[in-house]
Amino acid sequence: MMRKNRKVKQKRGIQPTEFKVEDLKAEIISDAKAIHMPIGTAEVIAEKVATETAKWVTQRSVVTSDDINRRVAADIMKYSKDLSYVYQNRGKII
């Protein structure tokens, strides 16, 4: 009995990415605009959360993007539950 040639699945390599404070700030501000938060408030929250997250990231040797997202959402929760909810669910239909 002969088997048909099967396509061999290739595993995707893990691509490391660099954590960028400015990108995180921009994401938070964008999400804040979506809930009509005043821009000044959004900028203050984004600055505080991005700074704290950057400190947290530098203390770890390996961090996944999911780890960062959970940490950021928890930090945002201190300032705005609505913004935290939007940040956690971006890219999903709400």
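Is His36 buried or exposed? His36 counts as exposed, at 73% relative accessibility. Here, exposed means over 50% relative accessible area, buried means under 20%, and partly exposed lies in between, with a 1.4 Å probe and protein chains only.

This is a predicted model, where local features need pLDDT of at least 70, side-chain atom pairs count only at pLDDT 80 or more, and totals for chains, interfaces and linings use all residues. Residues are numbered from 1 along each chain as its sequence is written, and side-chain values use heavy atoms, with hydrogens and water left out.

**Overall build**

- The protein has four helices and zero strands. Both are DSSP runs numbered from the N terminus: helices are H or I with at least four residues, and strands are E with at least two.
- Read from the N terminus, the elements run α-α-α-α.
- The protein has 94 residues, and 29% of them count as buried.
- Contact means heavy atoms within 4.5 Å. Take the contacts between residues at least 6 apart in sequence: 50% of them join residues at least 24 apart.

- His36 sits in the loop between H1 and helix H2 (39-58).
- His36 is not a glycine, yet its phi is positive, at about 60 degrees.
- Gly40 belongs to helix H2. Gly40 counts as partly exposed, at 37% relative accessibility.
- Gly40 and Ile29 are 11 residues apart in sequence. Their C-alpha atoms are 9.6 Å apart in space.

- Val49 is in helix H2. Val49 is buried, with a relative accessible area of 1%.
- Beyond residues up to four places away in sequence, Val49 touches Ile28, Val72, Asp75, Ile76 and Tyr79.
- Val49 and Val72 are 23 residues apart along the chain, and 6.6 Å separates their C-alpha atoms.
- Asp75 is in helix H3. Asp75 counts as buried, at 6% relative accessibility.
- Setting aside residues up to four places away in sequence, Asp75 touches Val49, Glu52 and Thr53.
- From Asp75 to Glu52 the C-alpha distance is 8.2 Å, and the two are 23 residues apart in sequence.

**H4 and the segment after it**

- Ser84 is part of helix H4 (residues 81-88). Ser84 is buried, with a relative accessible area of 0%.
- Arg90 lies in the segment after H4. Arg90 counts as partly exposed, at 32% relative accessibility.
- The charged end of Arg90 sits over the ring of Tyr87, 4.0 Å from the ring centre. To count, NZ of Lys or CZ of Arg must be within 6 Å of the ring centre and within 35 degrees of the ring normal.
- Arg90 and Asp31 are 59 residues apart in sequence, with C-alpha atoms 8.0 Å apart in space.

**The largest pocket**

- The largest pocket has a volume of about 540 Å³. Of the 21 residues that line it, the closest to its centre are Thr17, Glu18, Phe19, Ser65 and Ile68.
- A pocket is an open set of points on a 1 Å grid over the protein atoms alone, where a 1.4 Å probe fits, with protein on both sides within 12 Å along at least five of seven lines. Lining residues have an atom within 4 Å of a point.
- Grid points are joined across faces, edges and corners, and the volume is the space filled by probe spheres set on the points.
- Helix H1 (21-34) and helix H3 (65-77) each supply at least two residues of the lining.
- The lining residues divide into nine nonpolar, six polar and six charged. Nonpolar covers Ala, Val, Leu, Ile, Met, Phe, Trp, Tyr, Cys and Pro; charged covers Asp, Glu, Lys and Arg; the others, Gly among them, are polar.
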